[in-house]
Amino acid sequence: MDFVQLSQAFLSYFSILLSILQCKVSVLSNLGRVFISFLDTMLSLNFRLCSMSPCTISLDDKTTMHFWTPNRRQLNKPTLVLIHGYGGNSRWQFFTQVWPLSRSFNLYVLDLLFFGKSYTNWTDRSEMFQARCIREGLKRLSVNNFSVVGISYRGYVTYRMAEIYQDEVEKVVIMSSGVCYTDDQKEKQLKKIGRNVFDLIMPEKAQDMRLFMNLCIYKSSPFKLIPNFFLTGFVQTICKKNRKEKLELAEHMLSQKADPNLPILTKALGTKVKASNTQGQWSCG
């Protein structure tokens with residue numbers, strides 16, 4: 001066999017091998033999406049088993065808000081509203097919390113605008129707008145007084161809710177949020193990450209999703225075992241939905257200068273607690 005024949009044979013085998021690999025990648029990618037869709041359905045079932053039902057409310061002709069609400073509100077229980085972070089929708093953020101919390105509270109868990117089934121055609125990307133939409137949705141559900149929990153970016157929304165609805169908000173918990181960050185602290189933290197922050201909070205690749213998880217989760221060792229096809233499925237199924245609008249939310253938040261006159265929540269909200277660890281900070285009041 002001369003060199004030309006050998007080269008042709010090699011290229012033929014290489015082409016077959018490449019086709020097999022491409023088929024394998026495609027199968028794994030589709031498998032990841034199917035698996036994520038299955039888990040998403042199971043998470044919805046988990047909420048239903050906690051005696052909660054989905055509810056989508058039209059606030060106006062441009063805005064809809066999606067909530068998980070109690071099947072039967074009990075007057076002897078206080079009301080608690082959960083506001084998820086940037087990593088996914090309400091089902092993925094709070095799937096381990098809904099069971100114990102629903103035993104003690106009338107629980108309302110919402111999807112913020114552009115996450116899950118909530119959406120708006122208005123161009124306002126501010127935390128104030130999100131806060132007002134949440135409050136309007138709760139009014140439509142006949143919720144007058146409530147406590148609220150916000151995590152990550154949604155800590156900003158939670159703070160604004162407590163600021164402008166002091167008569168309705170009873171207690172506040174804010175976790176893993178930089179509400180009181182100075183501009184210098186924010187710049188230092190962004191440099192410490194060493195990456196384009198938008199590639200992490202709205203990842204398009206499994207590697208970016210894994211890095212985002214490592215930064216957000218204090219003890220992330222179990223998540224190191226998650227295969228890439230699963231993360232790719234999550235990115236393609238959950239993160240890509242309304243990606244443009246989610247990036248606009250993040251850009252608006254990061255472009256804002258620190259507010260030296262940040263309103264103080266004067267209403268008594270319980271014992272104030274502050275703590276920190278190597279991955280982030282949280283506080284509650």
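**Charged pairs, then a helix**

I looked up Asp40 and found it buried, as is Arg91 (buried is under 20% relative accessible area, exposed over 50%, partly exposed in between, with a 1.4 Å probe and protein chains only). This is a predicted model, where local features need pLDDT of at least 70, side-chain atom pairs count only at pLDDT 80 or more, and totals for chains, interfaces and linings use all residues. Residues are numbered from 1 along each chain as its sequence is written, and side-chain values use heavy atoms, leaving out hydrogens and water.

Next I checked how Asp40 and Arg91 pair: they form a salt bridge with the closest N and O atoms 2.7 Å apart (a side-chain nitrogen of Lys or Arg within 4 Å of a carboxyl oxygen of Asp or Glu). Asp40 sits in helix H1 (residues 3–49) and Arg91 in helix H2 (residues 90–93), so the pair ties together parts 51 residues apart in sequence. Helices are DSSP runs of H or I with at least four residues, strands are E runs of at least two, and both are numbered from the N terminus.

Glu248 counts as partly exposed because its relative accessibility is 23%; Arg125, at 12%, counts as buried.

Glu163 and Arg160 also form a salt bridge, both within helix H5 and 3 residues apart, about one turn.

Last, I noted that in H10 the buried residues include Leu247, Leu249 and Met253.
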